[in-house]
Amino acid sequence: MSGPGGPEGGGGGWTRVFRLLLSVYPADVRRELGPALIRDFRRSLEEAGGHSGSMGRHRRALGELADLLRNLPPAWYESWKRREPGYRRPAVTAGAGGAPWTGVGTEIRHAARALRRRPGYSAAVILTLGMAVGANAAVFSLVDGILLESLPYPDPDALVHISETRPDQERMSVAYPNLTDWREMSRSWKGLAAVRRGWGFRLVDEGTPRLTSGALASANLPDVLGVQPALGRFFTEEEVRRGDRVVLLSHGFWRSELGSDPDVVGSTLTLGDESHRVLGIMPPDPAFPLEDARLVAPLTRIGDRLEERSQYPGIFVIGRLAEEVTLTAARRDMDRVAGLLAERFPGTNHQGGVHLSALKESAVGDADTMLLLLQGAVALVLLIAVANVANLGLVRAVSASRDAGIRMALGARGGRIAGPAILETLLLGLAGGALGLVLASGSVEIMRRTLQGELPRLAAVSLDGSVLLATLGVVLLAIAVAGSAPAVRALRADLAGTLRSGGGRRGGSGSTSHLRNVLIVGEVALTFVVLAGAGLMLRTTVNLLDARLGFDPEDVVTASVPLGSGYPTVESRVVFYRQLLQRLENTRSVESAAGVTPVPLGPGEWQTMISGTGLERVDDEGLLTDAARVTPSYFETMDIPLLAGRSFSGRESMGDPVVMIDETLADRLWPDQDPVGRSFRFWPSADRSYHVIGVVGNTKIQGANQESRTQLYLPYTQGVSSLNLVVRARNDDESAVIEDLRRLVAEMDASIPLTRVRLMEEMERDTRRAESLTTRILIFFAGFSLLLALLGLYGVIAYSVRLRTKEIGIRLALGARAARVARMVLRQGVAMIVIGVALGLVGAMAMTRFLSGLLFEVDTLDPATLGAAAVLLTVLGAAAAGIPALGASRIEPAKTLQEE
Amino acid sequence: MAEESDVSPYLPLRPVELQILACLSRGPLHGYAILKETEERSEGSAVPGLTTLYRTLKKLEEEELIRDCQDPDPRDDAARQRRTFTLTPLGSRVVRAELRRLQALTAGLEEGPLPGEGR
């Protein structure tokens, strides 16, 4: 071959061979190095040919071909290795986040470092999650301890609460003779025990009398419940039958009053005016039904009323199911027994039935509605918090997507990009969860201390294993949901688009913005639901405040004046009370004073049965009604209007069969007729007719949120044992009244204690406690949700404005008015709010029916409340969107165009 | 020294790598020019093949010891194909460290003239 041809010529044959060999190389190497290799190969041959002629050229070509061959295996090896995940690409070092996987510890440290570099974001997420998780844990600890945990007795599911029923009364206490018959006639029980809770004992301690609350029980109570006294023993049937003066002390009483002195067993205690032998100490941490009893004594203390089948002295019956007997079978059995008793005793037991329920239900009472409601609300709050965290994560994922794009271009696989994102979310979630648990444990402590009396079974509430497990589950779920959106976004980083448009600035694809908007709409909707719930409860609370009790508890002091054995006859007691009331009326601080038993809004209850005999409108089974003994000035003192007839004179003797009734009762018995002068009978005096001398206005003695019941009144002179005073203070000075009261009673008889001194207003507030508590908590949740939703809304709109800064700048530069720009941004925000509120409205309509048990005089779909919630949310939301909108209108076009 | 831990992963350099880095330590060059210079300095005895050269350049670029110091006009194909490389600060440190290492290695051999040396 002779001299060189053109610049590309001469080596044509060799080049073809070179190309052929090159084609065996991996595609990526061919692509990258091929053009340069071929070009330089030719050039090299040229030069070699110029230097050393064709031999030189051939030598050079062969040399280069050999080199090409020599590099073939390592090139293939490298190419193959590059395709492995985690391939060590030395160029891409730590910092861009695409570092090689160097072990869990390092990865965690990287993630933690990344989070530390964004303190604002990390703090926002941890706080949001922490508060939401903490609230959930706290509420769940309430639910777990109060609703879910069993009573601390052996085999607690076998314990049943049995109450009597009448057609118009769902659950009543039990007449003791009925209980005796049940024991004989029913085979379903290992044992039936009776308890009378809330019994006030007059404890005389070194001469000073003190009212101590306790309970009365049948001798078999420890056997039925399955717990024995911690020290000493319980009383026996014998002792009860004989009427022995024996008592047991609660563990708390023993500890606080007697310094846990073990010698107290066998010693004596003065109760009433008699010496009682202390038989034993009850076990610590008592549960329902003895949780408030400081003393426990035999049931026979109730007295003669125990023997009467028509009397209901507040006895509570607990039964333990016999082996292999189910609750359903026991129900059938007891229905049978009740039927037999109704036949045998048509006077008292006519249409009498029984109601059986798990003892735990009675322990829980009405708390279940409220607690489940709160758990639902707090779950919504968690959803809102998670949505906010997801939104924050999405924003961050978008700004990191440029990094992701580069990493993917350099060969990192999906796992390498999503990995750090997932780890960060995990760390944040765990930190948030930990914060939540700290907050929850603090809250539980506070709740246990402040909610005594508002919620039952608080002793069982704690952050125990089940609560912690549930919280862990919640945290993991929150992490999964909140982290999935950003992680998915990171994985689907749009490579070319991201790199070309500069990634972070353009803020990602439309689908991300769409997702963020959807999250915000969801948050707004959920916030609306919580707001609606809080609003309805607020209205309930207000309604209860305004509700007509039928009497005026303001400025009224009540106190109990139990006369002891020093006043054995009714007459002696009447004389005492009459004198006391007279003195009170003459006291300057007192506007008016009266006596009543039982006291309205108080714990006591007295019900009796009006006999249907001789009455057209009352069925044979009779009419259940509330009853009270009153002094003549009662109605005046309590501001209850006298509608017809007259009040008692105060001189009625035992034989005078006079009675006063309320409006509703008058209407029930003789509608559209004048009731004064008419008569009816009621238990226990079935043979005597009482005639009506006066009619007064209706009252709700159980509190505003109870249904109305009928009421009849009897003169106190005919049989009072212990009268409660109701004293209206002049000039709003209740403390002066209390002082004067104490003084007067002490002057008249120093041995008589003045007990249960309370302001009636407080007692009235107590009846609204459950609603009040629920309202307070819901308002707190609503506020928190609102804050989160508004922050989320603000964040999304502000971010969107930042993304569109260039676009807005251009518009403004082209002459658009700032106001129009602001309106455009605001419209976006308002659109999300409106859609959110609309969805929330639908949601609220579905969910508020769970509130119906707690509402008072408010419909679950009350338009005023829902409307107010909608307006509030819209206005606040518009404000939250308005701030960035305002910012948008203030963009300086010149500056933004420069920056771009 | 901090420098040592910085560069030690890269040492020892392969002969081709050292050649390339040493060339570039005198200024930026494109691939073929590096070849020519190496040829010159070694008097033709240690000239790498093209493929080896380019693969090594690629590797050194990935290891961030050298970099492409041009911003090629995307419209100029010819210019785009001819990439010019320069040492990075890391690359400078590495080549200096390698030379020091080699010096240390050969230090004890200084006694007396070596065949072919010192005339």
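This is a predicted model: local features need pLDDT of at least 70, side-chain atom pairs count only at pLDDT 80 or more; totals for chains, interfaces and linings use all residues.

Tutor: Residues are numbered from 1 along each chain as its sequence is written, chains are lettered from A and ligands numbered from 1 in the order in which they are written, and side-chain values use heavy atoms, with hydrogens and water left out.

Student: Why is the pair R60(A) and E39(B) called a salt bridge?

Tutor: The term requires a side-chain nitrogen of Lys or Arg within 4 Å of a carboxyl oxygen of Asp or Glu. The closest N and O atoms of R60(A) and E39(B) are 3.8 Å apart, so the pair qualifies. Between chain A and chain B the count is 4 salt bridges.

Student: What makes R43(A) and E47(A) a salt bridge, and where do they lie?

Tutor: Their side chains meet at 3.7 Å, N to O. Both residues lie in helix α2 of chain A, 4 residues apart, about one turn of the helix; a helix here is a DSSP run of H or I with at least four residues. Shared partners join R43(A), E47(A), R60(A), K36(B) and E39(B) into one network of salt bridges.

Student: Why is E445(A) called partly exposed, and why does R449(A) count as exposed?

Tutor: Buried means under 20% relative accessible area, exposed over 50%, and partly exposed in between, with a 1.4 Å probe and protein chains only. E445(A) has 39% and is therefore partly exposed, whereas R449(A) has 65% and therefore counts as exposed. These two residues also form a salt bridge, with the closest N and O atoms 3.2 Å apart.

Student: How many residues make the contact between the chains?

Tutor: Contact means heavy atoms within 4.5 Å. Chain A contributes 25 residues and chain B 15 residues.

Student: What makes a set of residues a nonpolar core, and which residues touch the most other members of the largest one?

Tutor: The members must be buried Ala, Val, Leu, Ile, Met, Phe, Trp, Tyr or Cys residues joined through side-chain atoms within 4.5 Å. In the largest core, of 86 residues, L142(A), I146(A), L455(A), L778(A), F781(A) and I808(A) touch the most other members. Helix α12 (residues 367-399) of chain A gives the most to this core, with 14 residues. A second, separate core of 42 residues includes F41(A), L68(A), Y10(B) and L18(B).

Terms used: Helices (H or I, at least four residues) and strands (E, at least two) are DSSP runs, numbered from the N terminus.
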